[in-house]
Amino acid sequence: MKGERVELSLIGLFEEADSLSTLSGTTPGETVALLEYLLAICYASETYPKNAREWRRWVEEKRSLDQVATWLADRPDDEVWDLFHPTEPLGQNALLAPFLDQRGAGPAQLVIEHVGDYNQFFDHRHLEHPAPLPVAEAFRAMLTQHVYGPAGRARISGKETLGPTITNLAIGRLSSRIRVVALGATLGETLRLNLMPSAEHPGEFNRSWTAGTQPRRGFRTKPDGRAVSGPADLHSYLGRSVLLRPTPEGDAVDRVLLGAGELLDLQPRHLQDAVYAKMPDGRKKPLWASATRALWRDAHALYAGVANPDTPGGVDKGMDLYGRLALFPGADALPGPDGPVSRSINLWAVGLVAKQTTAITWVSGVFPFAPGLGADLHRASKRGSEIAEHVAAALGKAAYSAWTIAYPNPKPADKAGQIARFDARGMHWEATEEPFHILLDETVAGEDVHESLLDYASTVRITARRFLTERLDSLPRNSQGSQAQAAALRRFDDEMTHPKAPAELQGEPA
């Protein structure tokens, strides 16, 4: 809680969960993968609420997670938690052992962000880099592969190993959508907030491919996704067949073999944190990560689940993550003996942008949430996004107006580059994120949403017009340049007062 970074064992994490602020991974995806693993252990130890009412009590009363630490410490001797065990390696597939030395690659293959495009170098030398990967880093990278591994072809021969489909890497369980985590004040509170209530058996914890009674797929033919046996199974599923080779000293990994893993038949109850967005054809699907569209522009989707519990993916009429968060007392709750204390929670959204086997970037954003203010946050974020979208469209039209005068006889091939000269949309999007988050913070603080939106719209409009003016400064100081500049500014101003423009841009409440 003092801001220091420390390394702890799994047992230590649960013993000190309420004195630790958060997990700190190398990337957002690694942090999510670690949280997924900790949640799986909670379920495996049968430390989880059975219904939404019990879930709320667990959070409000700060239910201890010592039971999880005790469960881990009491594991029987024949239940091995060893990354390099010969027959039950933790999180791995020991069936790959006969092929590891000859078919494996350097440990870079294990790290999603390091692999790159397999065609980057035709001889794959970048994957053969001999530098060993410390054991703790390799363990965390392996967990990230299970959860976020991108689709593609593995560098392993199916004919000479376990079967032809071992080479077909399926997309990880969270790779195609945004994962939303409710962040509490401590790691313990974060875990309790994200423990999905379940009345069913927790299912089997996937300690190793060759351990337990869970039936595993073969690799002769492509299987259908198997049913999820429970939340412990869901959060610990082995999305990759992977095997790690230790260095002689045993403190690092020097070789990795990676192939296809398990496929799950996911149901709506397994996506209780998902938020939904419309596709161009009108269908809704879980919100996905984009390299060009910042997450804050879709923040209203996160709040929609609380403002309207009947969104797609809701379980038992709104008892998904957002429906449960709405159970907490609102901002008008009385403190102390007269009533429960209102709490403030952050929603952390994480996604991976990948093109086939290549990870492009991680996208993430933190959005405030306060119980009782879901409708206000939804309205503020939705209007804030609409205002920003309208201003961006106005900047695009203004750039076009300048272009038509500055380039009266353009070559078709030069059009895009010429318009880009006057296009300030990139500057606008980058500069609008901070005012947008200020808008949300003011809403959480109980400020009047009408007034906050008016201030936000004024800031965005004035800043965008300044950016446009700066882009137009490159025009020549002659009649043609002056006409182009005047036309662009006039078009921008007209768009701000257009009947279809958000009312806030005209200084009026919506």
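1. Gly-417 lies in helix α13, which spans residues 415-420; helices here are DSSP runs of H or I with at least four residues, numbered from the N terminus. Gly-417 is exposed, with a relative accessible area of 51%. In this note, exposed means over 50% relative accessible area, buried means under 20%, and partly exposed lies in between, as computed with a 1.4 Å probe on protein chains only. The C-alpha atoms of Gly-417 and Gln-480 are separated by 19 Å, and the two residues are 63 residues apart along the chain.

2. A word on the source is needed before going further. The model is predicted, so local features need pLDDT of at least 70 and side-chain atom pairs count only at pLDDT 80 or more, whereas totals for chains, interfaces and linings use all residues. Residues are numbered from 1 along each chain as its sequence is written, and side-chain values use heavy atoms, with hydrogens and water left out.

3. Helix α12 (residues 374-406) packs with helix α15 (residues 449-472) at an angle of about 20°, and their axes are 10 Å apart. The angle makes α12 roughly parallel to α15. Axes are lines fitted to C-alpha atoms, for helices over the stretch in contact, and angles run from 0 to 180 degrees between N-to-C directions. Angles under 35 degrees count as roughly parallel, over 145 as roughly antiparallel, 65 to 115 as roughly perpendicular, and the rest as oblique.

4. The crossing of α12 and α15 is right-handed; this term applies if the near helix is turned clockwise from the far one by less than a right angle, and left-handed applies if anticlockwise. Among the residues of α12 that make the contact are Arg-379, Ile-387, Val-391 and Leu-395, while α15 contributes residues including Leu-453, Tyr-456, Val-460 and Ala-464. Contact means heavy atoms within 4.5 Å. By class, the contact of α12 with α15 has 15 nonpolar, 2 polar and 3 charged residues. Ala, Val, Leu, Ile, Met, Phe, Trp, Tyr, Cys and Pro count as nonpolar, Asp, Glu, Lys and Arg as charged, and the others, Gly among them, as polar.

5. Helix α15 has 24 residues and reaches 34 Å from its first C-alpha to its last, close to the expected 34 Å. The expected span is 1.5 Å times one less than the number of residues. The buried residues of α15 include Leu-453, Tyr-456, Val-460, Ala-464 and Phe-467. The buried residues of α15 pack against α12, α14 (425-444) and α16 (479-496).

6. The axes of α12 and α16 come within 8 Å and cross at roughly 155°. Helices α12 and α16 are therefore roughly antiparallel to each other. Their crossing is right-handed. Residues making the contact include His-390, Ala-394 and Ile-405 of α12, together with Gln-480, Ala-487 and Phe-492 of α16. The residues of this contact divide into 12 nonpolar, 4 polar and 3 charged.

7. His-428 lies in helix α14. His-428 is buried, with a relative accessible area of 2%. Not counting residues up to four places away in sequence, His-428 touches Ala-388, Val-391, Ala-392, Leu-395, Val-460, Ala-464 and Phe-467. Of these, Val-391 and Leu-395 are also among the α12 residues in the contact with α15, and Val-460 and Ala-464 are among those of α15.

8. The axes of α2 (28-44) and helix α4 (residues 66-73) come within 9 Å and cross at roughly 80°. That makes α2 roughly perpendicular to α4. The contact is made by Ile-41, Cys-42 and Ala-44 of α2 and by Val-68, Trp-71 and Leu-72 of α4. The residues of this contact divide into 6 nonpolar, no polar and no charged.

9. Ser-45 is placed in the loop between α2 and α3 (52-60). Ser-45 is buried, with a relative accessible area of 7%. Leaving aside neighbours within four places in sequence, Ser-45 is in contact with Gln-67, Val-68 and Trp-71. The C-alpha atoms of Ser-45 and Val-68 are separated by 5.8 Å, with the residues 23 apart along the chain.

10. Most residues other than glycine have a negative phi. Glu-46, in the loop between α2 and α3, has a positive phi of about 60° although it is not a glycine. Lys-62, in the loop between α3 and α4, has a positive phi of about 55° and is likewise not a glycine. Lys-62 is exposed, with a relative accessible area of 58%.

Technical notes. Helix = DSSP H or I, 4+ residues; strand = E, 2+ residues; numbered from the N terminus.
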